[in-house]
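Student: Can we go through this structure together? I'd like to begin with the sheet.

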Amino acid sequence: MKRILVVEDNERNMYLIDFILRNSGYEVIEAWTGEEGVELALKEKPDLVLMDIQLPGIDGLETTKRIRETEAIGQTPIVALTSYALTGDREKSLKAGCTGYLEKPINPETFMADIEKYL
Amino acid sequence: MINLKILIEKYGLRLIFITIILVSFVIVFGFFLSFFISQQRNLITDELRARGRILALTVAYDIEYGILTGGETLVRQLVRNVGEQRDVAYIEVMDEKGEILAGYYPIGNPRRLLEREDLERDEATAKYTTSLEGESIFEFLVPVLLHEIEEAESDWIIEQKTEEERKAEDTRIKKIGFVRLGLSLKNTYGNIYRLRNFSILSISTAFILLALIFSFFMDKIIVKPIHQFTKGAEAIASGDLDHKIQFNRKDEIGQLADSFNKMAQNLKKDITIIRDSEKKLKEYSENLEGKVKERTSALEGKTEELLKANIKLQELDHLKSMFIASMSHELRTPLNSIIGFTGILLMGMTGDLTEEQRKQMTLVKNSANHLLNLINDIIDKSKIEAGKAEVLVEQFDLSTIMQEVMDSLKVAADKKGLEMPLKLPKELLIKSDERRVKQIIVNLVGNAVKFTDKGEVEMKVAEKDGMVEVSVRDTGPGIKKEHMDKLFKAFSQIPTEGEIKEGTGLGLHLSRKIAGLLGGEISAESEFGKGSTFTLSLPLGYKEKEA
């Protein structure tokens, strides 16, 4: 069973993503902050990371950089969850090392298809 | 000439006048005097000549007897008597052969001017010279004739004699001697020269006196008044307008003084008026300065206020942007949940839904999407208006984008039974912001599908002059001419027959703004009742505007 690490600080979003992923047959590892994300990524070595960009403490971009800099997990695909509202989120996330991006709000109908492109 | 000029400058009018008078005097007086002297000289000379001739003839006549008788004493006595007369320079008596019988020479021996041969007949002859001791001399030579007394006595009546009779007579008359008489012009000329010198001296003195008197009067009558006028003019020039010129004269100078005084008075009046005006002007200008200062400080105050207001506005603008950004985030977070969970429910992930439940959940989902679009559009609009919209330029294939747009809207078009013909080249690479170009095309095609109920929505791409033109033509209701100008306005929707179409009212407005941002534009053509064509034209290669 493939494992996906979700870094997301919003409880309802976490529940939504968690629900869709589990329903689609994936194991979900939840991280609520950037630091926790880096820690769990190193510990669990997931097949994919879903990274919210807006996070308290170190943000998604910084978290992504740290994962990329860690040799053991440096090659893990990371998909950024970007917000349309914030200028340049997509570009910044790709620059920080994200493999791809999905725009929030997520559409459950296309969400899995989008993610599976990166697995 | 220069010296004359300096003299005139130095001594002025007087000198000129006196010079003119003296020069005229010298010319006129000199002319008259020389004329007079020469006349006088001629006259006296003629007189002297006549006198000398008569004297010589008288001597010749008186001495006839003495010569005939050979009375030497008588001859000498006569010669001496004549020789002592005034003006006589010399006298001598000769016999018919030229031997001097007697002579008297008060001023020396003469050089003989006349010889016996000079005498053509028995008449006296005369000659003029200046050679004797530097004196001018008239010499007369007269023959002494032997008269036949009886003939002479009968000859009281002077007859008219013919030339032949005269010649006959000549041969009869016998010359028995000659008288030579020299008369000096010294005394006569001396008188004339004395007269001349006296005239010159006295008349010159008179004229010089006259000139001095004239000069004095001129000084009093003309020069001094002129000086006074000069002083007056200088006084007026230096500002003393009360200066008056007094003469007590009624002539031209007096009139001039009156005119001068009048002029000064008028000038004073005028200057008083001008000074008053100047004073007023100065007051005005001072007032004006005060007012200008007042206004300037007021303006400075206003400027400061404006600057403050501007800073406030900038702060407000920043706050607005912040507000919109955070609002959108705050609005999106719950929308994420709404859209996400309605999606999950509709997908049946939590179990089957009844038909009614499905219908209602769909309404929830559509409303949430509408709200999301609205929020996105408002964000876009405010970003573009604030100049904060970023353009991400990359090369992409426009044909692929068109295909994707068509694919995404095919479902909606199929539902209404619309054809969607697509006229594309295999590949059309352009450099622009892919996402924004797609956003515009989605908006244009989406509108066409939304408003068209039957027929087709045709998409077409053409390249022309460094631009690409994306046309979307529909067979929808078309737009009335009077509504064309509303087409691109924010929050405006053109009324259509039938149901009201769902939309934010920002779509075309934003599309046009984005097209502008990318260096292109959107135009619309429409015929009411037949359909519309919207054309997006973009440069093949985006060029950043020079800021």
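Student: What is the strand order in the open sheet of chain A?
Tutor: This is a predicted model. Its open sheet has 5 strands in the order β2-β1-β3-β4-β5 (chain A), and the pairing is parallel.

Student: Which ones are the edge strands?
Tutor: β2 (27-31) and β5 (100-104) of chain A, since each of them pairs on one side only. From one strand to the next, the twist averages 25°.

Student: What holds paired strands together, in general?
Tutor: Backbone hydrogen bonds, with the strands either parallel or antiparallel.

Student: OK, how many bridges join β1 to β2(A)?
Tutor: Strand β1 (residues 3-7) of chain A is joined to β2(A) by 5 bridges, and the two run parallel. One bridge pairs A:Ile4 with A:Val28, which sits in β2(A).

Student: And the helices? Which strands does α1 of chain A lie across?
Tutor: Helix α1 (residues 11-23) of chain A lies across β1, β2 and β3 (48-52) of chain A, and runs at about 165° to β2(A). Helix α4 (residues 89-96) of chain A also packs on the sheet, where it touches β4 (78-83) and β5 of chain A. The direction of α4 makes about 160° with that of β4(A).

Student: Switching topic: how many residues from each chain are in the contact?
Tutor: Chain A gives 20 residues and chain B gives 22 residues.

Student: Which helix supplies the largest share on the chain B side?
Tutor: α6(B), with 13 residues. Both α6 (252-346) and α7 (355-385) of chain B supply at least two residues there.

Student: How do the residues on that side divide by type?
Tutor: The side of chain B that touches chain A has 10 nonpolar, 8 polar and 4 charged residues.

Note on methods: Residues numbered from 1 in each chain as written. Chains lettered and ligands numbered in written order. Predicted model: local features only at pLDDT ≥ 70, side-chain atom pairs only at ≥ 80, totals over all residues. Pairing = 2+ DSSP bridges. Helix = DSSP H or I, 4+ residues; strand = E, 2+ residues; numbered from the N terminus. Axes fitted to C-alpha atoms, helices over the stretch in contact; angles between N-to-C directions. Contact = placed C-beta atoms within 7 Å. Nonpolar A, V, L, I, M, F, W, Y, C, P; charged D, E, K, R; others polar.
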